[in-house]
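Hello, and welcome to this one.

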Amino acid sequence: MLCRQYGAQWTVQGLVSAEGLSRGGSKSERLLRFFPQERPIFAQLFGASPFAMAAAAQQVEAMGFDGLDLNCGCPEKKVLRVGAGAALMADSHVAKTVVGAVRRSVKLVLTMKIRLGWENQRTFLQFGRMAEDLGLDAIILHPRTVAQGFSGQADWDAVGQLKQAVGIPVVASGDVRDGESYRQLINRTGCDGVLIGRSALRHPWVFDESLASAQGEDFQPPALPEVVLRYLALLEETEVEADCLPLARLHLLSFLHDLPRAAALRAKVGACHRWNTLKDLMETQFSQLEAEH
Ligand SMILES: Cc1cc2nc3c(=O)[nH]c(=O)nc-3n(C[C@H](O)[C@H](O)[C@H](O)COP(=O)(O)O)c2cc1C
């Protein structure tokens, strides 16, 4: 919601197990909860069974999501262990069966998110063409191999190659840090959209900054107190503050990452185990900071 307020055009939830969801798992259902202010919002599923993926996709459609992304890029052990996520990059036959089954079972806007390939074997062009042939609405590429994880640099030239190879929209994901890198990625690859991950955690305004940069406009980032207080207000408005305390602490620590001489404050945030203590701490700190400016 904070990213939407700061210019994100759409949002994607974290990945959810298709097996868990189709078996009626309450954890999976809880993970899929969303608020209207996040829309347009995509769910993302992982799985290697065409039956479970198709059934889970139908549930996602019934929940009112605006789109569904199929994960073919996650390198986490718990995902690879079930042959899903990035493991699908090593088996295009299974990937095709899974994606085809989902496409036939829902009318939702459907995308898939891939990597360059498993190791040195770069299969992304083959996967892009497959996505197009199967009738997907777009393809999202995080241009690193599975073996790379998050190391090294994202290979933006591969995004350009994919754009040349397919007729469906290509969305790029990787290493956009600010408005300038966003502008360079768009110009260099001609991609149709960009997904921003890590930098949004520290700078949720990176979306407005990116849009301004693409238009050649100056951008003034919001002041930190504004970001923090908006975030706290959103948690309270949606009444999730008590359930989300550990995650709220993590997000606040990300926002505070660039603040100089704030080690003591960060330690205090880490030590807050009640919502009211955390809120009081932030409000006291940031109303002071606002007053100083
Ligand atoms: C904490 C974290 C969680 C992520 N979760 C997902 C996920 O659930 N599904 C997914 O497709 N990618 C996930 N990613 C990968 C990002 O979507 C993105 O492709 C990658 O971080 C590269 O983009 P960036 O340089 O903008 O972060 C995650 C990344 C991070 C750092």
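1. A definition to begin: two strands pair if DSSP finds at least two bridges between them. Helices (H or I, at least four residues) and strands (E, at least two) are DSSP runs, numbered from the N terminus. With that in hand, serine 17 has phenylalanine 46 of β2 as its bridge partner.

2. Some background on the model. The model is predicted, so local features need pLDDT of at least 70 and side-chain atom pairs count only at pLDDT 80 or more, while totals for chains, interfaces and linings use all residues. Residue numbers start from 1 along each chain, as its sequence is written.

3. Now the overall build. The protein holds 15 helices and seven strands. Its C-alpha trace spans about 60 × 45 × 30 Å along the principal axes.

4. On burial, 37% of the 293 residues are buried. Here buried means that 20 or more other C-beta atoms, placed from the backbone, lie within 10 Å of the residue's own.

5. The sheet deserves a slow look. Seven strands make an open sheet, ordered β1-β2-β3-β4-β5-β6-β7, with parallel pairing. At the edges are β1 (11–17) and β7 (193–195), each pairing on one side only. From one strand to the next, the twist averages 25 degrees; axes are lines fitted to C-alpha atoms, for helices over the stretch in contact, and angles run from 0 to 180 degrees between N-to-C directions.

6. Back to β1: its parallel pairing with β2 (residues 41–46) runs over five bridges. Helix α4 (residues 50–62) lies across β2 and β3 (67–72), at about 160 degrees to β2.

7. Which domains is the protein divided into? They are domain 1 (2–214) and domain 2 (224–292), with bounds from an automatic or database domain assignment. Their centres, taken over C-alpha atoms, are 30 Å apart. Six residues from domain 1 and nine residues from domain 2 form the contact, where contact means C-beta atoms, placed from the backbone, within 7 Å. On the domain 1 side, α1 (2–5) and α10 (198–202) are the elements that give two or more residues.

8. Finally, contacts along the sequence: among those between residues at least 6 apart, 66% join residues at least 24 apart.

Notes
Two residues are in contact if their C-beta atoms, placed from the backbone, lie within 7 Å. A residue is buried if 20 or more other C-beta atoms lie within 10 Å of its own, exposed if 12 or fewer, and partly exposed in between; C-beta atoms are placed from the backbone.
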